[in-house]
Amino acid sequence: IAASNPPAEEEALQIGDVVEIFGLESESGKAMNGKQGKIVGFIEEKGRFQIATGEASNHALSIRPSNLKKVTVQAPAETGAASTAEGTGTTEAELKIG
C-alpha cells in the first residue's frame, strides 16, 4: 500500500492522530463541525473513534470515521523552519504556499 495514496480515509486514521470533525447533521453535532481533536480510542462495537477535543475535561466524543479527516500537525518552531523564515523576512505561511 502506497503511503501517499491510502485506499480509504477510515484506514488511515489511528489512535494519536489529530483530526477535524465534519459533516455532522444533528443540532448538537453541527456545533462540533470544524473542531479539531485527538483520537484517543476506538469503540469496536460501534465502529467509532473516541475524540478528545480539550473542551470537556473528561469527555471524549464518539465519532464515525466518515465524519473525521486527518489534520497535518506542524512541527514545533524549534525544528528550524521558523528560524529560517525569520532570517528571510518570509512568513511561515508564505513558505508553505511556495
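1. The largest nonpolar core holds eleven residues: Leu-13, Val-19, Ile-21, Leu-24, Met-32, Ile-39, Phe-49, Ile-51, Leu-61, Ile-63 and Leu-68. A nonpolar core here is a set of buried Ala, Val, Leu, Ile, Met, Phe, Trp, Tyr and Cys residues joined through side-chain atoms within 4.5 Å. Strands E1 (18-21), E3 (48-52) and E4 (61-63) each supply at least two residues of this core. Strands (E, at least two residues) and helices (H or I, at least four) are DSSP runs, numbered from the N terminus. In soluble globular proteins, nonpolar side chains tend to be buried together.

2. On provenance: this is a predicted model, where local features need pLDDT of at least 70 and side-chain atom pairs count only at pLDDT 80 or more, while totals for chains, interfaces and linings use all residues. Residues are numbered from 1 along each chain as its sequence is written, and side-chain values use heavy atoms, with hydrogens and water left out.

3. The sheet is open. Five strands lie in the order E4-E3-E2-E1-E5, with antiparallel pairing. Strands pair if DSSP finds at least two bridges between them. E4 and E5 (68-70) are at the edges with a single partner strand each, so one side of each lacks a neighbour in the sheet. From one strand to the next, the twist averages 50 degrees; axes are lines fitted to C-alpha atoms, for helices over the stretch in contact, and angles run from 0 to 180 degrees between N-to-C directions.

4. Bridge counts follow. E1 and E2 (residues 36-43) share three. E2 and E3 share five. E3 and E4 share three. E2 and E3 also form a hairpin with four residues between them, and Gly-47 in that turn has a positive phi of about 65 degrees.

5. Look at Ile-51. Its bridge partner in E4 is Leu-61, and Ile-51 is also the E3 bridge partner of Ile-39. Leaving aside neighbours within four places in sequence, Ile-51 is in contact (heavy atoms within 4.5 Å) with residues including Val-19, Gly-37, Val-40, Ala-60, Ile-63 and Leu-68.

6. Asp-17 counts as buried because its relative accessibility is 12%; buried means under 20% relative accessible area, exposed over 50%, partly exposed in between (1.4 Å probe, protein chains only). Its side chain reaches the backbone nitrogen of Gln-14 at 2.7 Å. Beyond four places in sequence, Asp-17 touches Ala-12, Gly-37, Lys-38, Ile-39 and Lys-70. Lys-38, in E2, stands opposite Val-18.

How values were computed
Polar contact = N/O pair within 3.5 Å; in protein donor to acceptor, adjacent residues only side chain to side chain.
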